[in-house]
Amino acid sequence: MNIFSDFKNKIIENLLLLKKKGLILLPENYANFTIEIPKNKIHGDLSSNAPMVFAKINNTNPLNLANTIRDGLVNRLEKVTKIEIVKPGFINFFLNNDYWHQLLLSISENYGKNPSVKKSKILLEFVSANPTGPLHVGHCRGAVFGDVLGNLLKFSGNEVVKEYYVNDYGNQINNFVKSVYSRILEIKNKIPFPNDQDLYPGEYIIDIAKNIIKKNVNLHFDNYELIFIKLKNLCIEESMILIKNDLNNLGIIHDSFVSETKMANSNLIEKVFEKLKINNFIYKGTLPKPKGDEIEEWEPREQLLFKSTIFGDDSDRALKKSDGSWTYFANDVVYHYDKISRNFDLLINILGADHAGYLKRQISCVNAMSDGKQKIISKVCQLVKLFKSGKQFKMSKRAGDFITANDLIKEVGKDSVRFMMLYRNNDSQLDFDFDLVSTYSKENPVFYVQYAHARISSIFNKLNDESLNFEKIKISFLSHESEIDLIKKISEWPKCIDLSCLYFEPHRIPFYLYELASLFHSYWSLGNEDENLKVINSNKNIQDSRLFLLKKIQFILATGLKILNVNAPLEM
């Protein structure tokens, strides 16, 4: 039962009836209004802004239109004790307790899932970090965001494939291989590691070099050019072991890994550019000088360009360099062509903050290659900053110049990392406070939510299961304001799921769970102040009704934590 969609549908039915009678006009999108629980209880239990949304098209005051809408609703809504109109044009609904009791009784194991939403086949690409070493904290946020988004979309009935694009092609890989090779020479021949800013300095490079030496005793390292291809494959293999280990420690498993090198060396590249050529989307031309006073040594060069500006991009994009080699973007175009060929309803890309500029060009190439038929959504995860004792904190000794995801997991645990990486909208910078996630208090959202689940579990562990009889539950005994507030918060769970899926915003889940947990802890504390409000009560009817309420709270907490892939402890 989703009370928000139920009320919205009743209001829509009334609006259409009023339109049929010639009393109002409606726009084409007549469902573009909201149903919310007011922040202030004096404004009722539910509120709608419909009069303000439709006032303009009806050329009337929102208050006048609100009266017209209310008159049509008076006899259409059950268990509504009062319908009130307030400025500037809200319609507020006051519901009796029986309404909330019936909602609580209706909750089943599928609560939160929307059977009316069209299910889709979705390809979700996330992380896709260069295979040049372990994941860092920046990757960590995108990894958790992508994984939870995938879990959320699966929960709603979609088919989701989680994919990792292995960027094993280009100069950064060449520098990585050269770094490992230099460490191998240092280990085997005592040749000092070069002082070269293009090389990777981290201690993990030494570990990779040692592993390659150990696993390939018959491989000779005298001629770099001769063994480059073999060594490159070994380096990428070792790096992906590190990355997959980091992902596993985060609780993340991808369904597929796609190699950029294999994509670039396939026959797809010719097919793609033939298609772009036929549709007149590529041409030879010269890009304007990049913006920035620091760019001095620049000269115009003729290149093969993609007309991405006709699809809304800021500029056309180079597909071939002046030396005739393919650009990174060209390989990205081929990869997205491969994605399109796999017949997904929706493509989702999760990008790091340093790739925010790629959004428009990716959308452009997908539109060009699918004739505008393929849907694609790109989400960017902004930077993460670590803080300890109020100061920005750096703790990695092995990475060289970045903080590893594994260091973070070891410091605070998987659950804290996953929960807190989502505890802010992905568009905003995230400050990760070590002191906060280490406290056992309300200020630590991870602890507070897990403690709520454990606290409820402990209650049922202390009781004899045979004494619980929910089949003959007398739900009307739930009449205290705090109990009704808890049921109202429970009623918001389906809406939380719907909005999280609609806008691809999984951060709504931990926020909701924290609010629900906070209400529960407050309710529990009331029992310490007033004997009559204790859950374990001498009146069995009261006790059973309160235990029933707690069961539903626990169910939603467990469901939400499962979506987050965060442990729902039975004791703490």
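Select Leu-386 first. In this predicted model, its relative accessibility is 3%, so Leu-386 counts as buried; the cut-off for buried is under 20%. Leu-386 belongs to strand β13, residues 384–388.

Strands in a sheet pair through backbone hydrogen bonds, in a parallel or an antiparallel sense. Here β13 and β14 are antiparallel, with two bridges between them. Pick Lys-388: its bridge partner in β14 is Lys-391.

Stay on Lys-388 and follow the side chain. Its charged end sits over the ring of Phe-434, 5.8 Å from the ring centre.

**A second sheet**

Move to the sheet of four strands. Its order is β1-β2-β4-β3, it is open, and the pairing is antiparallel. The edge strands are β1 (35–36) and β3 (80–86), each with pairing on one side only. Select β3 and β4 (residues 90–95): six bridges join these antiparallel strands. Across from Lys-82 you will find Phe-94 in β4.

Now display helix α3, residues 62–73. It packs on the sheet and touches β3 and β4. Its direction makes about 165 degrees with that of β3.

**Aromatic pairs**

Next, show the rings of Phe, Tyr and Trp. The structure holds 23 aromatic pairs. Zoom in on Phe-176 and Tyr-200. Their ring centres are 6.0 Å apart and their planes meet at 85 degrees, so this pair is edge-to-face; the class needs over 60 degrees. Phe-176 is in helix α6 (residues 171–189), while Tyr-200 is in the loop between α6 and α7 (203–215), so the pair ties together parts 24 residues apart in sequence. Phe-176 counts as buried, at 0% relative accessibility.

Compare Phe-520 and Trp-524. This pair is tilted, with 6.3 Å from centre to centre and 40 degrees between the planes. Both lie in helix α19 (residues 508–529); they are four residues apart and so separated by about one helical turn. Are the two partners buried or exposed? Phe-520 is buried, with 0% relative accessible area. Trp-524 is partly exposed, at 23%.

For a group of rings, select Phe-419, Tyr-423, Tyr-448, Phe-511 and Tyr-514, which form one aromatic cluster. Then jump to Lys-244, whose charged end sits over the ring of Phe-257 at 4.3 Å from the centre.

**The nonpolar cores**

Finish inside. Which residues have the most contacts inside the largest nonpolar core? They are Phe-93, Leu-231, Phe-432 and Trp-493, in a core of 141 residues. Select Trp-493 and show its neighbours. Leaving aside residues up to four places away in sequence, Trp-493 touches Tyr-111, Gly-112, Ile-509, Tyr-512, Leu-513, Ile-556, Thr-559, Gly-560 and Ile-563.

Conventions:
Residues are numbered from 1 along each chain as its sequence is written. This is a predicted model: local features need pLDDT of at least 70, side-chain atom pairs count only at pLDDT 80 or more; totals for chains, interfaces and linings use all residues. Side-chain values use heavy atoms; hydrogens and water are left out. Rings of Phe, Tyr and Trp (its six-membered ring) pair if their centres lie within 6.5 Å; planes under 30 degrees apart count as stacked, over 60 as edge-to-face and the rest as tilted. Buried means under 20% relative accessible area, exposed over 50%, partly exposed in between (1.4 Å probe, protein chains only). A charge sits over a ring if NZ of Lys or CZ of Arg is within 6 Å of the ring centre and within 35 degrees of the ring normal. A nonpolar core is a set of buried Ala, Val, Leu, Ile, Met, Phe, Trp, Tyr and Cys residues joined through side-chain atoms within 4.5 Å. Contact means heavy atoms within 4.5 Å. Two strands pair if DSSP finds at least two bridges between them. Axes are lines fitted to C-alpha atoms, for helices over the stretch in contact, and angles run from 0 to 180 degrees between N-to-C directions.
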